[in-house]
Amino acid sequence: MTEAAPHASGLLESFMSAALADDYADVAPPVESARRGPVFVSALALVAAAAIGLLITSVLISNLGANEQRERTRGALADRVTTATATVAERQSLVNAKQAHVSDLERQVLADGDVTPGIREQADALAATSGTLPLTGAGVEITVDDAPDATANSLNQVLDRDLQDIANALWREGATGIAINGHRLISTTAIRSAGEAIVVNYEPLARPYRVEAVGAGAAVQSSSGVGRLLAHLGSDYGLVAETKARDVALPAGELHQPRFAMPSPAPASGGVS
Amino acid sequence: MIAIIGLLIGVAVGIVWHPVVPIALQPYLPIAIVAALDAVFGGFRALMERRFDDRIFIVSFLSNVVIASFLVFLGDQLGVGAQMSTGVVVVLAMRIFANAAAIRRILFRA
């Protein structure tokens, strides 16, 4: 195939024989010692070979360098994400402290005699429903995790949809408060996936997912709606779930932005809006 | 022999010197390397067949690299850069395989 075919007939054949012809085909008789040209030709050959070596080496080295560069960039980005997450956690705890302070002040104001009778009970009931106060009580803890042999982007992982279903089943079971990995579900909470992570209250969660609920004690039974849902997730997708009845303590919900509460225009008057 | 020494010198220089490839040349470098490899294999085969020739080695290296890079450059300008690269690489790879087969036949008689 590499020999130049003297009677190449077809177009392809002549193309192949020309393109694949041996460079040294014209150097006809094999001689005993390698042929030597003038010295400067040998020197040029040396330079050409050196150029080839340099070419190959430089590309290999620059490719390795590019990989290193990518790794460095990735590491730097990961560091920034970690720092930002820590900042968010720090500020969130500050917000929680302030919220607790606000709740205390609210109680003080409501404890004063000159407010409408019954408004304190009403405020307590609303706070429990809206999830702005911590909640403790008998309940269940459900731990769900990916299937042991789960691969990336497969359905054998816990999806945002699964956590939504579990939370809704717990509400149906009569739960009065739910938290996922320590994030309280309130009326404005979204359980979504962002990239590869599940996000609750704009915070990415890490596996395994721990769903705690106050109330909903019946969820431990396998015949309950929650039990059936978990069994279905286990048999269809291999998700691993464990349900335990225990006393749970839920944190207050993270209210990112009050919808109706407004700062009092005249703080001196002590009004609560 | 001279070619092998030159190759080693080039590799050593590359490792010591850490050359940075200009961005503008980067698309043509892989093609240039495949073309250079073709010249290397051809030269090695000729060496095995005892008909190596410095002049042919230089000419084949230079023409291979220049023509391959020019074809890819032209392809880029015409908007068929990827296809042109594929074509060039296919032809060069076939030549490399043919030369490798010849070298193998000489070395192992198989």
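## A tour of chain B and its contact with chain A

Start at the boundary of the two chains: across the interface of chain B and chain A there are 0 salt bridges (a side-chain nitrogen of Lys or Arg within 4 Å of a carboxyl oxygen of Asp or Glu). What you have open is a predicted model, in which local features need pLDDT of at least 70 and side-chain atom pairs count only at pLDDT 80 or more, while totals for chains, interfaces and linings use all residues. Residues are numbered from 1 along each chain as its sequence is written, chains are lettered from A in the order in which they are written, and side-chain values use heavy atoms, leaving out hydrogens and water.

Stop 1: Colour chain B by secondary structure and you will find 4 helices and 0 strands (DSSP runs, H or I of at least four residues for helices and E of at least two for strands, numbered from the N terminus). Of the 110 residues in chain B, 42% are buried, meaning under 20% relative accessible area with a 1.4 Å probe, protein chains only.

**Stop 2: the interface.** Now show both chains and select the contact (heavy atoms within 4.5 Å): 40 residues come from chain B and 37 residues from chain A. How much area do chain B and chain A bury between them? The figure is about 3600 Å², 71% of it on carbon and sulfur atoms; buried area is the accessible area (1.4 Å probe) that two parts lose on being put together, summed over both. Pick out R50(B), R51(B) and R95(B), which supply 18% of the area that chain B buries against chain A, more than any other three residues.

Next, select the helices: α1, α2, α3 and α4 of chain B each give at least two residues to the side that touches chain A. The largest share of that side, 11 residues, belongs to α1(B).

**Stop 3: the core.** Which residues have the most contacts inside the largest nonpolar core? Select F57(B) and F61(B), in a core of 30 residues; such a core is a set of buried Ala, Val, Leu, Ile, Met, Phe, Trp, Tyr and Cys residues joined through side-chain atoms within 4.5 Å. Two or more residues each come from α2 (39-111) of chain A and from α1 (2-17), α2 (29-48), α3 (54-78) and α4 (81-108) of chain B. The largest share, 8 residues, is from α2(B).

Zoom in on F57(B): its contacts include Y24(A), A45(A) and I52(A) from chain A, along with A3(B), V40(B) and F52(B) from chain B.

**Last stop.** Apart from this core lies another, of 27 residues, among them V158(A), I166(A), A167(A) and A213(A).

Terms used: Buried means under 20% relative accessible area, exposed over 50%, partly exposed in between (1.4 Å probe, protein chains only). Lists of a residue's contacts leave out its neighbours within four places in sequence.
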